[in-house]
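Trainee: Could you take me through this one? I'd like to start with the pocket and then move to the core.

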Amino acid sequence: MISLNYEMHQRWMSRAIALAQAAGEAGEVPVGAVIVDGDGNLLAEAENRKERDKDPTAHAEIIALRTAGKVLQNWHLNQCTLYVTLEPCPMCAGAIVQARLKMLVYGADDPKTGAVRTVANIPDSACSNHRLSVLGGILESPCRQQLQSWFQQKRK
C-alpha cells in the first residue's frame, strides 16, 4: 500500500531538490536522491557525480543505495523509501529492484529514459523479482523546472 503522507514525501523530496541543485552547480545533471528507513530517519543522500567521479554509474540513486546498504550493513533495503527528483533510468530502476526497496517516490517523469512508468516499467516487468510501491509526481513542477533550467543554461 502506498503511503499517503504527502507532507513527509514533500519534505524528503525538498531535500532531494536541494541536493540536485548542488549537483547542477557542480556541472552535473541536477538529480538528487534521499533514502529514509521505515521510521522516517535519513539513511543516505546523494547527488549525481558522473562528471566529477568520471563514473558512468555515479547516478544519485546508485550512490544513495550504496550508502544506505553500508549504513544498514545489509543490501536488503526492504523497509526503506527512496526519494529522487527524476524518474530512474534503466540502470537505477534495476538497482532499486535489486535492493528490495519498499517504496520509490520520484518527482518528474523522464520522457527519454524513464524506466519506472514513462518509457519502460522495470519494477513491474516479468524480469523483476521484487515488487515495490511507486509514487510519482511529488513536487513534480519544481523538479521538472530545475532540470529544464539547467539544460537551458547548458545549451547557451
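This is a predicted model: local features need pLDDT of at least 70, side-chain atom pairs count only at pLDDT 80 or more; totals for chains, interfaces and linings use all residues.

Trainee: Okay, how much space lies in the largest pocket?

Mentor: The largest pocket holds about 690 Å³ of space, and its lining is made up of 26 residues, with V29, L86, D110, L147 and F151 lying nearest the centre.

Trainee: Which elements give two or more residues to that lining?

Mentor: Those elements are helix 2 (50–53) and helix 5 (140–155), and it is helix 5 that gives the most, with seven residues.

Trainee: And how do the lining residues divide into nonpolar, polar and charged?

Mentor: Eleven residues of the lining are nonpolar and eleven are charged, while four are polar.

Trainee: Switching to annotations, where does UniProt place the feature "binding site"?

Mentor: The UniProt record, which is an unreviewed entry, places that feature at H59, C89 and C92. These residues span 34 residues in sequence, but no two of their C-alpha atoms are more than 9.3 Å apart, so they gather at one spot. The lining of the largest pocket includes H59, C89 and C92, which ties the annotation to the pocket we began with.

Trainee: Is H59 buried or exposed, then?

Mentor: H59 has a relative accessible area of 15%, and because buried means under 20%, this residue counts as buried. H59 lies in the loop between helix 2 and helix 3 (60–72), and, not counting residues up to four places away in sequence, H59 touches N48, K50, C89, M91 and C92.

Trainee: What about C92, where does that lie, and what does it touch?

Mentor: C92 lies in helix 4, residues 90–98, and counts as buried at 0% relative accessibility. With residues up to four places away in sequence left out, C92 touches H59, E61 and I62.

Trainee: Now the core: which residues of the largest nonpolar core touch the most other members?

Mentor: That core has 43 residues, and M13, I35, L101 and L104 touch the most other members. Taking L104 as an example, and leaving aside its neighbours within four places in sequence, the contacts are L82, V84, P88, I96, V116, L132, S133, V134 and L135.

Conventions
Residues are numbered from 1 along each chain as its sequence is written. Side-chain values use heavy atoms; hydrogens and water are left out. A nonpolar core is a set of buried Ala, Val, Leu, Ile, Met, Phe, Trp, Tyr and Cys residues joined through side-chain atoms within 4.5 Å. Buried means under 20% relative accessible area, exposed over 50%, partly exposed in between (1.4 Å probe, protein chains only). Contact means heavy atoms within 4.5 Å. On a 1 Å grid over the protein atoms alone, a cavity is a set of points where a 1.4 Å probe fits but cannot get out, and a pocket is an open set with protein on both sides within 12 Å along at least five of seven lines; lining residues have an atom within 4 Å of a point. Grid points are joined across faces, edges and corners, and a volume is the space filled by probe spheres set on the points. Helices (H or I, at least four residues) and strands (E, at least two) are DSSP runs, numbered from the N terminus. Ala, Val, Leu, Ile, Met, Phe, Trp, Tyr, Cys and Pro count as nonpolar, Asp, Glu, Lys and Arg as charged, and the others, Gly among them, as polar. UniProt positions are given in the numbering used here, feature names are shortened, and annotations may be inferred rather than shown by experiment.
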